[in-house]
Amino acid sequence: MENKDTITGAEALLRALIAEGTECIFGYPGGQAIPVYDCLYDYRDRLRHVLVRHEQGAAHAAQGFARVSGRVALVTSGPGATNTITGVADAMLDSTPIVVITGQVPSPLLGTDAFQEVDVIGIMSPITKWAYQVRRADEIAWAVARAFYIASTGRPGPVVLDISKDAQVGRTVFEHKPVDFIRSYRPWPEINAERVAEAAALIDAAERPFALVGQGVILSGAERELMTFLEKADIPAGATMLGLS
C-alpha cells in the first residue's frame, strides 16, 4: 500500500507555489503538463488559473501580474515551452521576476528525440537567471523555493523549471523550506570602492555630462539618492522607456 503521507510531484508543485505566495497562474495545458493540470482542479480555491490562447501570452501576462504579486507561467513542453521564449527574454531584459514552469517528457526518454522533447535548459539558459531540470519528485519543493528566491532577489528576472513527467506523477513527502541564501548565488555583489572612485572621477572630469536613468533606480527604490546625485553634480538627466515607470 502507498504511504498516505506521500503526494504526487504535481501536487507537491502546487503546494510549493502556494507556500511561496502564488495567487495566479497563467498557462496553457499540454500533454507533458497534464498531471499538473489534473491536480490543479483540487486547488482551484487557492490558485486561480488564467487560460491563455498562446504560451507566449502566458509569459507576458505573468510579467504584468508579477508587478503585483504572482510570478508564474505554466506551460507544456515542446512547442509550448519554445513559445514562451520571447516572453522570457523580455522578462530578462526588463528585470521582471517570473517563474516559468514547463512540462517535459519522462526522464528515461530524454535525449531520444521523443515526441514533444526539446532541450528547454539549453534554450533558456542564456536568457534566464537560472534554468533547472527536475527529474525526481523529491526535487520539486527544493527547486521551487530556489526559483522564487533567485527570481525576486538582486536584479529581478525570469527562472525556468523544466519538470519531467515522471517527476510529476512520482510520489514524495512534501516539505517546504523557504530559501534566503544560496552559496553560489550573490544577489547583491560587494561594492568595489576603487571602481566607485573611478566613476566619480570620470563624472567630475566630464565636460558635458548627461545621466540616462533606467528602471534599476525604480526597482531599487533609489529615486531620492538619484535626485541628490543629480543636484549635487548639476547634471541634466533623461529616462529610458522603463525608467519612466
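Start by selecting Asp94: leaving out residues up to four places away in sequence, Asp94 touches Gln63, Arg67, Gln215 and Leu242. Keep in mind as you click around that this is a predicted model. Asp94 sits in the loop that runs between α5 (85-93) and β5. Is Asp94 buried or exposed? Its relative accessible area is 17%, under the 20% cut-off, so Asp94 is buried.

**Zoom out**

Now show the whole protein as a cartoon. You'll find 11 helices and 10 strands. Of the 245 residues, 44% count as buried. Take the contacts with a separation of 6 or more: 81% of them come from residues 24 or more positions apart.

Switch to a surface view next. The protein exposes about 13600 Å², and carbon and sulfur atoms supply 55% of that. Colour by charge and you'll have 22 positive and 29 negative side chains to look at. The centres of those two sets lie 4 Å apart.

**Helix α1**

Back to the cartoon, and select residues 9-19, which make up helix α1. How many of the residues of α1 are buried? It's 8 of the 11, so the helix is largely enclosed by the rest of the structure. To see them, pick Gly9, Ala10, Glu11, Ala12, Leu13, Leu14, Ala16 and Leu17. Then step just past the end of α1 to Gly21, where phi is positive, about 90°.

Setting aside neighbours within four places in sequence, Leu14 is in contact with Val36, Cys39, Leu40, Tyr43 and Leu47.

**The cores**

Which residues touch the most other members of the largest nonpolar core? Select Leu13, Leu14, Leu17 and Val144, out of 34 residues in that core. The elements giving two or more residues to this core are α1, α2 (34-40), β5 (99-104), β6 (130-134), α7 (140-152) and β7 (159-164). Highlight α7 in its own colour, as α7 gives the most, with 9 residues. Apart from this core lies another one, of 18 residues, with Cys24, Ala62, Val75 and Val88 among them.

Select the cysteines next and look for bridges: the count of disulfides is 0. Cys24 is in no disulfide, and the nearest cysteine sulfur, that of Cys39, is 17 Å away. Cys39 is likewise in no disulfide, with the sulfur of Cys24 as its nearest, 17 Å away. As for cover, Cys24 has 2% relative accessibility and so counts as buried. Cys39, at 10%, counts as buried too.

What is the phi of Asp113 near? It is near 60°, a positive value in a residue other than glycine. That's worth a look because most residues other than glycine have a negative phi. Show the surface around Asp113: at 75% relative accessibility, Asp113 counts as exposed.

Then move along to Gln116, which is in the loop between β5 and α6 as well. Gln116 isn't a glycine either, yet its phi is positive, about 75°.

Definitions and conventions
Residues are numbered from 1 along each chain as its sequence is written. This is a predicted model: local features need pLDDT of at least 70, side-chain atom pairs count only at pLDDT 80 or more; totals for chains, interfaces and linings use all residues. Side-chain values use heavy atoms; hydrogens and water are left out. Buried means under 20% relative accessible area, exposed over 50%, partly exposed in between (1.4 Å probe, protein chains only). Helices (H or I, at least four residues) and strands (E, at least two) are DSSP runs, numbered from the N terminus. Contact means heavy atoms within 4.5 Å. Accessible areas come from the Shrake-Rupley method with a 1.4 Å probe; for residues, only the protein chains shown count as cover. Lys and Arg count as positive and Asp and Glu as negative; His and the chain ends are not counted. The place of a charge is taken as NZ of Lys, CZ of Arg, CG of Asp or CD of Glu. A disulfide is a pair of cysteine sulfur atoms within 2.5 Å. A nonpolar core is a set of buried Ala, Val, Leu, Ile, Met, Phe, Trp, Tyr and Cys residues joined through side-chain atoms within 4.5 Å.
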